Amino acid sequence: MSDHRIWDEERETMPRDELEQLQLERLQATFNRVYRNVKFYRNRLDEAGVLPEDIKGFGDLGKIPFTTKEDLRENYPYGIFAVPLREVVRIHSSTGTTGKPTVVGYTRNDIDTWSELVARFMTAGGVTKDDVVQIAFGYGLFTGGFGLHYGAERIGASVIPISSGNTRRQLMIMEDYRTSVLVCTPSYSIYLAEALEENGINADRLSLRYGLFGSEPWSERMRSEIESRLGIIATDNYGLSEVMGPGVAGECLAKSGLHLNEDHLIPEIIDPETGEVLPLGERGELVITTITREAMPLIRYRTRDLTRLYREECECGRTLVKMEKVSGRTDDMIIIRGVNIFPSQVEKVLFSFEGITPHYRIVLSREGALDEMAVLVEVNETLFFDEMKKQRLLVEEIKEALRSELGLKVSLKLVEPRSLERFKGKAERVIDERER
Ligand code: DLL
């Protein structure tokens, strides 16, 4: 691949020793700032018996307790801000499913940094100022729409801020405005691909070249499906509202891991059970410390996301640490009859069979005292119209594969093509009926 462009060559290809020097300076400045301006952090540091000047190296970070989502909730809405509200120019919020959402503030400089970091991964994913970028992420308190919008605008591309939903209009605009880059969740891109087919629009007729997808986990199998159905190159990008939104990390066209913006963020991987910091290369929970943020610096924030960090020379020339695709969250874990299961394990098994589509649901229910797990999965047209005997055989094979992967017997139902609801934003594939 020779087509690698870099947005900020100086920063993205920095030699490691220079990068670490910069990180350390920024880390120390962050500690000084939060100690002075955020009561929550001052108390935390006092309790740990650490003064900002004691942070002399990255190893000292381990002396500081983690910050969690609960901490943000307890300081709702503005308790964790490091600047007075008059310096805050934007407020976003995380999609809290339980309790109060978390509030995220940005100063003018924070918005500027955000735009830069998004411009980095968009450039890495193929976007240039000649592109027409259709942003089908929601605009609003969710950070996806605005984040990608700023990045694309910073690059100088022509931005279509269509937001999510209204699928028919998405298709019309995609065709008429000659959209060359699609931005949304991977699940919505599959929905759009299906809608194109249903409307008899051949992807070859479109101008689409690249797709930048994120905000939820997606497998390599989903990637190849999206790429072939839309005729694009699809890259992954990752972020979370608490740490700004999209822009934490993103893939380049080598598609071999996400480059994490270490000059603005210090990542750690910990054992989610014990909190112990794991060596580079091991899989665990991602923890992030922001080192340039003004309005809402976060020290050792537990993302709950499961991944791995590793260093390897990349063909694009970036020297930033690489992050493996996030496979899921610690709180996605389903505990059923004492067995721990991640939805990604179910997906892996399903996707290893021919004729199975990426559309599935996991339904949890309670029969008397026992928890039950059922998997519903759509099959493609060919398989659907196959003989019953063949289908029954497939059901048995998949059930056996699930039993061996999960260590649990589950029921499985093949359902008609296009019978499960589609998602315009993040997919919600687990339906827990146990507490109803
Ligand atoms: O989803 C920010 C974002 C918007 C990222 C657009 C990328 C593109 P939240 O709504 O706060 O923010 O959700 C953050 O989504 O902790 C992960 O669990 C998950 N997530 C985000 N990106 C990815 C990804 C945005 N590429 C939560 N792969 C995170 C897997 C992802 N999971």
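## Basis and domains

Domain bounds here come from an automatic or database domain assignment. This is a predicted model, in which local features need pLDDT of at least 70 and side-chain atom pairs count only at pLDDT 80 or more, while totals for chains, interfaces and linings use all residues. Residues are numbered from 1 along each chain as its sequence is written, and side-chain values use heavy atoms, with hydrogens and water left out.

The assignment divides the chain into domain 1 (1–331) and domain 2 (333–432). To their contact (heavy atoms within 4.5 Å), domain 1 gives 23 residues and domain 2 gives 17 residues. The C-alpha centres of domain 1 and domain 2 are 30 Å apart.

## Overall fold

The chain holds 12 helices and 20 strands. Helices (H or I, at least four residues) and strands (E, at least two) are DSSP runs, numbered from the N terminus. Along the principal axes, the C-alpha trace spans about 70 × 55 × 40 Å.

The radius of gyration, taken over C-alpha atoms, is compared with a globule rule of 2.2 Å times the number of residues to the power 0.38. For 436 residues a compact globule would have a value near 22 Å, and the chain, with 23 Å, agrees. Of the contacts between residues at least 6 apart in sequence, 67% join residues at least 24 apart.

## Burial and surface

Buried means under 20% relative accessible area, exposed over 50%, and partly exposed in between (1.4 Å probe, protein chains only). Buried residues account for 56% of the 436 residues.

The accessible surface of the chain, by the Shrake-Rupley method with a 1.4 Å probe, comes to about 19,400 Å². Carbon and sulfur atoms hold 48% of that surface.

## Position P267

P267 belongs to strand β10 (residues 265–270). P267 counts as buried because its relative accessible area is 16%. Leaving out residues up to four places away in sequence, P267 touches L260, E262, L286, V287, L309 and V321. V248 is 19 residues from P267 in sequence, and their C-alpha atoms are 10.0 Å apart.

## Position T179

T179 sits in the loop between α7 (167–176) and β5 (181–184). With a relative accessible area of 0%, T179 is buried. Not counting residues up to four places away in sequence, T179 touches V132, Q134, I160, I173, M174, S207 and L208. V83 is 96 residues from T179 along the chain, with 40 Å between their C-alpha atoms.
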